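Subject: Structure handover

Hi,

Here is the structure for you to look over. My notes on it follow below.

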Amino acid sequence: FFFQAEDGIRDHCVTGVQTCALPISLPETRQLVARMLGTSAIPAGLDSELWRMSGGLPALIVGVLREQVARGGIWCEGRSEDGRPRWTWNTSTDLAPAEDVSRLFDRALRSLPDTSRRIVEVLAVAGEPVPLDCLLLAADADLSGLDLGPALRLGLVAVELSGGEEWVRLRRSALQAIFMRSLDAVRIQTIHLQVADAARSRPMREWEHRFVRLHLAKGARDPEDTADLVGLGDWFLASGRPAEALELLDAASNLPLEGVDGHAALALARGDALVQLGRLPEARAAVDAARALVREVQSLELRHRGSMSHLELALEVGSAPAVEARALVEGDRRSARARLLVGRLRLLEGSLDEARGAFEAAVALADPGPVDRIGVAARIALAELSALEGRPADAAASLRSLVGELRAAGDRKSTRLNSSHTVISY
């Protein structure tokens, strides 16, 4: 196999670091895989999955295919009628870059001129496409874009047009993990702060505000910065983006944080993120730990949030909430989240009129617009209530309006959008 693989690679003119040079098409990927496996009939779907994972970069295709064979994720089951090997692929196997592939791309990164290498490092730390002007400024590169050329020629990055300007991204997400491994913690923190400073030079629109806050927080180096990181995690939670929130909060867990209040706020935010993500066993442990911390704080706000987190988790898992926590939440008529939770309680109890009143109060108290998680959840709950009351047309009309608002706000992959479509179907 390995002799055939090396021979096949040479036939394809992609040896050594040159494997980074030119992305190949899906048919070329199919041809490369067939040559490496020495067969004309490769396992169904393997070529397209390798091509999708690699972005067409031959080095990734070759390295991952070798690794899969070595680990038994792809194996030979004998010979086909034409005498060639017949291969089988375990489709549940994770097609991830192997260590030898990481070393290969690390060599490719080191082969770049210093400025071009900084551009790739900035993209890896940014973790998303970055406007060209912002990228070049953060990497201290020539604003002509000339330093981008070597990375483009090696197929490491791609340029795309969006909103009338050029944005640059790593060609494949797998490359981010590879390049991040080559950077130490201090360098990563420095780049976070550099990209935040670069984004500040642009007109401050929604993307710039989010990007600057995110990377200032990720560049945190002292307890005050860590508190800002927790605050940004809360902002992502309020915006209905729990996965991004959890990433920040997990990062904050490994940074210095002062006082019981700070640790309690972090623990509560993590618990809320896990509840929103549906990771309920982890959420239960996080919320229980947070409530233990909350008992030691003086902040009434944190104590109240602990009660709401406990009640929300209880509603999700179908358990009975603590009497004290329930009473505290039910007595709060000024919090949108409390009114939403009370509405859910009343709905379970069959008190539809009281549930509607609580949901309507939650909508009124929530931040306006389709970004606020609580307001959106309350509007979805009201539509579900209309459907339960035998008014499906009203429910569908309300939710189509909400879907339009979410899409207009750029919220195209949110679980809230999926929930709306589910209720419309119902």
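Helices (H or I, at least four residues) and strands (E, at least two) are DSSP runs, numbered from the N terminus. By that count, the chain has 22 helices and 5 strands.

Two notes on conventions. This is a predicted model, where local features need pLDDT of at least 70 and side-chain atom pairs count only at pLDDT 80 or more, while totals for chains, interfaces and linings use all residues. Residues are numbered from 1 along each chain as its sequence is written, and side-chain values use heavy atoms, with hydrogens and water left out.

Overall picture

Accessible areas come from the Shrake-Rupley method with a 1.4 Å probe; for residues, only the protein chains shown count as cover. The chain exposes about 20500 Å² of accessible surface, and carbon and sulfur atoms hold 52% of that. Buried means under 20% relative accessible area, exposed over 50%, and partly exposed in between (1.4 Å probe, protein chains only). Of the 426 residues in the chain, 48% are buried. A contact means heavy atoms within 4.5 Å. Among contacts with a separation of 6 or more, 60% join residues 24 or more positions apart.

Cores

A nonpolar core is a set of buried Ala, Val, Leu, Ile, Met, Phe, Trp, Tyr and Cys residues joined through side-chain atoms within 4.5 Å. The largest has 39 residues. Those touching the most other members are Ile119, Val120, Leu123, Leu135, Val157, Leu170 and Phe179. At least two residues each come from helix H6 (114-126), helix H7 (132-138), strand S5 (165-170), helix H9 (173-180), helix H10 (185-200) and helix H11 (206-218). H6 gives the largest share, with 7 residues. Leaving out residues up to four places away in sequence, Leu135 touches Ile119, Val122, Leu123, Val130, Leu148 and Val168. There is also a second, separate core of 22 residues, with Leu214, Leu232, Leu246 and Ala273 among them.

The sheet

Two strands pair if DSSP finds at least two bridges between them. Three strands make an open sheet in the order S3-S5-S4, with antiparallel pairing. Strand S3 (130-131) and strand S4 (157-162) are the edges, each pairing on one side only. S4 and S5 share 6 bridges in the antiparallel sense. Glu160 has Trp167 in S5 as its bridge partner, and Ser162 stands opposite Glu165 in S5. S4 and S5 form a hairpin with 2 residues between them. Gly163 in the turn has a positive phi of about 60°.

Which residues of helix H3 (residues 46-54) are buried? They are Leu46, Asp47, Leu50, Met53 and Ser54. Seen down the axis of H3, these fall within an arc of 135° (taken from the directions from the helix axis to the C-beta atoms), so they line one face of the helix. Asp140 sits in the loop between H7 and helix H8 (149-153). At 62% relative accessibility, Asp140 is exposed.

Cysteines

A disulfide is a pair of cysteine sulfur atoms within 2.5 Å. The count by this rule is 0. Cys134 is buried at 1% relative accessibility, whereas Cys76 is partly exposed at 39%.

Best wishes
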